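Good morning, colleagues. May I ask you to turn to the model on the screen.

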Amino acid sequence: MAEPRVVAVVPEQFDPSLALLTVEEAARRLRIGRTTCFRLVLAGEIESVMVGRLRRIPADAVPAYVAKLRYRPAEAA
């Protein structure tokens, strides 16, 4: 009987040279789901651009979105 294999999950390496991110890459950086990230993009909360038919998020739009969240006035619950 063979021993079970152990698979190591290697976290995605941050590549600072990327100017544009896919929605999936931006979602991973924000630690949110792909669908949530698409909703934020479509609502205009996260800046995005079209490259042909592809939707891309400028790399600096991710920290800009986080900064907006940090300095947004508290909303009534």
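What percentage of the residues of the protein count as buried? Of its 77 residues, 23% do, where buried means under 20% relative accessible area with a 1.4 Å probe, protein chains only.

A word on sources. This is a predicted model, in which local features need pLDDT of at least 70 and side-chain atom pairs count only at pLDDT 80 or more, while totals for chains, interfaces and linings use all residues. Residues are numbered from 1 along each chain as its sequence is written, and side-chain values use heavy atoms, with hydrogens and water left out.

The protein has 3 helices and 3 strands, in the order β-α-α-β-β-α from the N terminus. These are DSSP runs: helices (H or I) of at least four residues, strands (E) of at least two.

The strands form an open antiparallel sheet, ordered β1-β3-β2. Because β1 (20–21) and β2 (49–51) stand at the edges with a single partner strand each, one side of each is left without a neighbour in the sheet. Pairing requires at least two DSSP bridges between two strands; β1 and β3 (residues 54–58) are joined by 2 bridges. Within β3, Ile57 stands opposite Leu21.

Finally, beyond its neighbours within four places in sequence, Ala26 is in contact (heavy atoms within 4.5 Å) with Leu21, Cys37, Ile57 and Val62.

Notes: Buried < 20%, exposed > 50% of the residue type's maximum accessible area, 1.4 Å probe, protein only.
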